[in-house]
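Here is a short briefing for a first look at this structure. Please keep the sequence and the 3D view open while reading.

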Amino acid sequence: YDAKSTLQELAQSKLKQELTYKVIYEIGPEHDKEFGVEAHLGERVIGKGKGRSKKLAEQHAAYEALLKLQNEEE
């Protein structure tokens with residue numbers, strides 16, 4: 001499941017806002033890093049994620065953002 005692609009499509013088609021990802025922290029030694037990432041919709045933080053790579057952290061942030069947006073619609 002590709003949460004980033006789903007969120008990107010939603011941001012462009014329905015929400016008409018720019019979706020960006022921002023690394024908020026990077027901890028640990030080079031071989032064992034953890035990244036923290038925020039998903040931003042315009043100025044608003046809509047999701048946060050962490051993972052062993054930036055890509056994985058972005059996926060987690062996108063997934064959280066999708067859940068949050070879905071709850072707001074209900």
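In which strand is His-40 found? His-40 is found in strand S2, which covers residues 34–41. The model is a predicted one. The points below start with the whole chain and then move to single residues.

**Overall layout**

- The chain has two helices and three strands.
- From the N terminus on, these elements run in the order α-β-β-β-α.
- The radius of gyration is 13 Å, close to the 11 Å that the globule rule gives for 74 residues, so the chain is as compact as a globular protein of that length.
- Taken along the principal axes, the C-alpha atoms fill a box of roughly 40 × 25 × 20 Å.
- Buried residues account for 35% of the 74 residues.
- Take the contacts between residues at least 6 apart in sequence: 31% of them join residues at least 24 apart.

**The nonpolar core**

- In soluble globular proteins, nonpolar side chains tend to be buried together.
- In this chain, the largest nonpolar core has 16 residues.
- The residues with the most contacts inside this core are Leu-7, Leu-10, Leu-19, Leu-41, Ile-46, Leu-66 and Leu-69.
- H2 supplies the largest share of the core, six residues.
- Leu-10 touches Leu-15, Leu-66 and Leu-69, leaving out residues up to four places away in sequence.

**His-40 and Glu-38 in strand S2**

- Glu-38, like His-40, has its place in strand S2.
- Is His-40 buried or exposed? His-40 is buried, because its relative accessible area is 12%, and the limit for buried is under 20%.
- Glu-38 also counts as buried, at 12% relative accessibility.
- The side chains of His-40 and Glu-38 make a polar contact with each other at 3.0 Å.
- Beyond residues up to four places away in sequence, His-40 touches Glu-18, Leu-19, Thr-20, Lys-22 and Val-45.
- Glu-38, with its neighbours within four places left aside, is in contact with Thr-20, Tyr-21, Lys-22, Ile-24, Val-45, Gly-47 and Lys-48.

**Aromatic rings**

- A pair of aromatic rings is described by the distance of the centres and the angle of the planes.
- How many aromatic pairs are there? The count comes to one aromatic pair.
- The pair is formed by Tyr-1 and Tyr-63, with ring centres 6.3 Å apart.
- The planes of these two rings stand at 85°, so the pair is edge-to-face; the limit for that label is over 60 degrees.
- The pair links distant parts of the chain, 62 residues apart: Tyr-1 is in the segment before H1, and Tyr-63 is in helix H2.
- Tyr-1 is exposed, with a relative accessible area of 71%.
- Tyr-63 is partly exposed, with a relative accessible area of 43%.
- Another ring has a charge over it: the charged end of Lys-4 sits over the ring of Tyr-21, 5.1 Å from the ring centre.

**Lys-16 in a loop**

- Lys-16 is found in the loop between H1 and strand S1 (19–27).
- The phi angle of Lys-16 is near 55°, a positive value in a residue other than glycine.
- Lys-16 is exposed, with a relative accessible area of 65%.
- The side chain of Lys-16 reaches the backbone oxygen of Ser-13 at 2.6 Å.
- Lys-16 and Ala-61 are 45 residues apart along the chain, and their C-alpha atoms are separated by 19 Å.

**His-60 in helix H2**

- His-60 lies in helix H2.
- His-60 counts as partly exposed, at 38% relative accessibility.
- Which residues is His-60 in contact with, leaving aside its neighbours within four places in sequence? His-60 is in contact with Lys-48, Gly-49 and Lys-50.
- His-60 and Thr-20 are 40 residues apart along the chain, and their C-alpha atoms are separated by 14 Å.

Conventions:
Residues numbered from 1 in each chain as written. Predicted model: local features only at pLDDT ≥ 70, side-chain atom pairs only at ≥ 80, totals over all residues. Heavy atoms only, no water. Helix = DSSP H or I, 4+ residues; strand = E, 2+ residues; numbered from the N terminus. Buried < 20%, exposed > 50% of the residue type's maximum accessible area, 1.4 Å probe, protein only. Polar contact = N/O pair within 3.5 Å; in protein donor to acceptor, adjacent residues only side chain to side chain. Contact = heavy atoms within 4.5 Å. Core = buried A, V, L, I, M, F, W, Y, C linked by side-chain atoms within 4.5 Å. Phe/Tyr/Trp six-rings, centres within 6.5 Å; stacked < 30°, edge-to-face > 60°. Lys NZ or Arg CZ within 6 Å of the ring centre and 35° of its normal. Rg over C-alpha atoms; globule rule 2.2 N^0.38 Å.
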